[in-house]
Amino acid sequence: MSCAELVERVTDYLEEALDPEDMARLNNHLMVCESCENYLAQIKASIRVSGSLPSEGLSKEAEAGLVDIYRKWLAERDNQ
């Protein structure tokens, strides 16, 4: 498995939604790739931290701004 494929499939990995063969390929890649191991640790930390944020802490304007940034990023990514 390549690093790019791991990045594309990290959500499925964390949700244990990969088939056993892909799960094994991803785990094997993590054993030899320190960069992807660090990436996975960062994703897990982000999930853990964001899950502890109070939902009322984000204004509607801030939420709309973040959604707009995300949509622009998606559009740019899709146009590459």
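This is a predicted model: local features need pLDDT of at least 70, side-chain atom pairs count only at pLDDT 80 or more; totals for chains, interfaces and linings use all residues.
A residue counts as buried when its relative accessible area is under 20%, and as exposed when that area is over 50%.

**Exercise 1. Work out which residues of α2 are buried and where they sit around the axis.**

Step 1: Find the helix. α2 covers residues 20-32, 13 residues in total, and spans 19 Å from its first C-alpha to its last, close to the expected 18 Å.

Step 2: Pick out the buried residues of α2: Asp22, Met23, Leu26, His29 and Leu30. They lie on the same side of α2, because their arc around the axis is only 125°.

Step 3: Look at the face turned away from that buried side. Here you will find the exposed residues Pro20, Glu21, Met31 and Val32.

Step 4: Ask what lies over the buried residues. The cover includes α1 (3-14) and α3 (34-51).

**Exercise 2. Decide whether His29 and Ser35 are buried or exposed.**

Step 1: Place each residue. His29 belongs to helix α2, while Ser35 belongs to helix α3.

Step 2: Apply the cut-offs. His29 has 10% relative accessibility, so this residue is buried. Ser35 is exposed, as its relative accessible area is 54%.

Step 3: List the neighbours of His29. Leaving aside residues up to four places away in sequence, His29 touches Met1, Ser2, Cys3, Leu6 and Cys36.

**Exercise 3. Find the residue that caps the N-terminal end of α2.**

Step 1: Go to the N-terminal end of α2, where the capping residue is Asp19.

Step 2: Check the atoms. A side-chain oxygen of Asp19 is 3.1 Å from the backbone nitrogen of Glu21.

Technical notes: Residues are numbered from 1 along each chain as its sequence is written. Side-chain values use heavy atoms; hydrogens and water are left out. Helices (H or I, at least four residues) and strands (E, at least two) are DSSP runs, numbered from the N terminus. The expected span of a helix is 1.5 Å times one less than its number of residues. Buried means under 20% relative accessible area, exposed over 50%, partly exposed in between (1.4 Å probe, protein chains only). The arc is that of the directions from the helix axis to the C-beta atoms. Contact means heavy atoms within 4.5 Å. A polar contact is a pair of N or O atoms within 3.5 Å; within protein, one must be able to donate a hydrogen and the other to accept it, and residues adjacent in sequence count only if both atoms are side-chain atoms.
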